[in-house]
Structures are given as structure tokens and as C-alpha cells.
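Please keep the sequence and the structure in view while reading.

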Amino acid sequence: MKKSIILCGLLLFIGVSSCKKEAKKGEVKVVSVEEMQSLLELEDIQLVDVRTPEEYQEGYIANFQNIDFLSPTFDEDIAKLDKNKPVILYCKSGGRSASCAQKMLDAGFVKIYDLEGGISKWQHEGQEVKVLQ
């Protein structure tokens, strides 16, 4: 009787533990300007500006690609990214990138970083912004 209770407890523990692992698809981490600077030093990371093309032309962070969150092709555009590689997102102030991060999480992306305060905070803290000419 004692062995069967221990065995049932062990099986229950294993079952609950495996369910927790399966439930975790990915994660979103909101990062500060300083944290993003550290992340940009990583070689294997995808950089995405989710603003409109017009906003992007006004100024952008170097090496980021523009994938407009409001575009009707947004879902197809993000599907071209590698779901297993980390992604850094930003928009103007953080609203669209947060929505985008959730959408990417639902799509199966593993690691998503969202710049707190967007490009507005980036500029406010004196970081460089490129402008298309």
C-alpha cells in the first residue's frame, strides 16, 4: 500500500512537471535602452521596427528591418523570421511592439524582447537614430 501511494505521487509529480514544460511556448521581456544596447552586441538576433514605413523614414535604429504591424501582410512578413532566434522589437512608444510581441508569442516565437518606451525613449536617452535620405 505504501509503495503504491509513493508511486502514485511520483507519477502525479512527473505528469504535472511535464505539463508545465509543454505550456511554456516562449517569453516576452520588456527591456530598457541599456539592456537593448547589450542585446545588440549579440550576433544571432533579429531586429524589427514595427512602425509604418513613413515613421521608419523619419528615423530608425541602425540594422533594424521594418515590418509594419498595421500592414495587411504583417502575419506573412513575420512568418519569414526564424521562430527559434531571439527577436528585438520596437515602435514609437511601446504600444504596437507590445501587441506585436503577443502576436509573435502566439505564433510560436521563442524569445522576444520589446524596447520599453520605443524609439522615443531611445532618442530621449541620447541614442543614435538614422534617417533615410
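Two strands count as paired if DSSP finds at least two bridges between them. With that in mind, the bridge partner of D49 in strand β3 is N66. The model discussed here is predicted. Its protein chain has six helices and five strands, which follow one another along the sequence in the pattern α-β-α-β-α-β-α-β-α-β-α.

- The protein chain has 133 residues, of which 35% count as buried.
- Its accessible surface comes to about 8300 Å², and carbon and sulfur atoms account for 55% of that area.
- Of the contacts between residues at least 6 apart in sequence, 70% join residues at least 24 apart.

**The sheet**

- Five strands form an open sheet in the order β1-β5-β4-β2-β3, and the pairing is parallel.
- Strands β1 and β3 (65-66) stand at the edges with a single partner strand each, so one side of each lacks a neighbour in the sheet.
- Strand β2 (residues 46-49) pairs with β4 in the parallel sense, over four bridges.
- Within that pairing, L47 has I88 of β4 as its bridge partner, and V48 has L89 of β4.
- Towards β3, strand β2 runs parallel and is joined by two bridges; the partner of D49 there is N66.

**Cover on the two faces of β2**

- In a regular strand, side chains alternate between the two faces of the sheet.
- Which residues of β2 lie on each side? Q46 and V48 are on one side, L47 and D49 on the other.
- These four residues are all buried, and both faces of β2 are covered.

**Helix α2 against the sheet**

- Helix α2 lies across β1, β2, β4 and β5, and it runs at about 115° to β1.
- The buried residues of α2 (residues 33-40) are V33, M36 and L39.
- Seen down the axis of α2, these buried residues fall within an arc of 115°, so they line one face of the helix.
- An α-helix has 3.6 residues a turn, so residues three or four places apart point the same way.
- The cover over the buried residues of α2 includes β1, β4 (87-90), β5 and α6 (118-124).

- S32 is placed in the loop between β1 and α2.
- Is S32 buried or exposed? Its relative accessible area is 17%; because buried means under 20%, S32 counts as buried.
- Leaving aside residues up to four places away in sequence, S32 touches L115 and E116.

**Salt bridges**

The structure holds eight salt bridges.

- K111 and E27:
  - The side chains of K111 and E27 meet in a salt bridge, with N to O at 3.2 Å.
  - K111 is buried, at a relative accessible area of 18%, whereas E27 is partly exposed, at 33%.
- R96 and E55:
  - R96 forms a salt bridge with E55, and their closest N and O atoms are 2.7 Å apart.
- K103 and D75:
  - A salt bridge joins the side chains of K103 and D75, with N to O at 3.4 Å.

Technical notes. Residues are numbered from 1 along each chain as its sequence is written. This is a predicted model: local features need pLDDT of at least 70, side-chain atom pairs count only at pLDDT 80 or more; totals for chains, interfaces and linings use all residues. Side-chain values use heavy atoms; hydrogens and water are left out. A salt bridge is a side-chain nitrogen of Lys or Arg within 4 Å of a carboxyl oxygen of Asp or Glu. Buried means under 20% relative accessible area, exposed over 50%, partly exposed in between (1.4 Å probe, protein chains only). The arc is that of the directions from the helix axis to the C-beta atoms. Contact means heavy atoms within 4.5 Å. Accessible areas come from the Shrake-Rupley method with a 1.4 Å probe; for residues, only the protein chains shown count as cover. Axes are lines fitted to C-alpha atoms, for helices over the stretch in contact, and angles run from 0 to 180 degrees between N-to-C directions.
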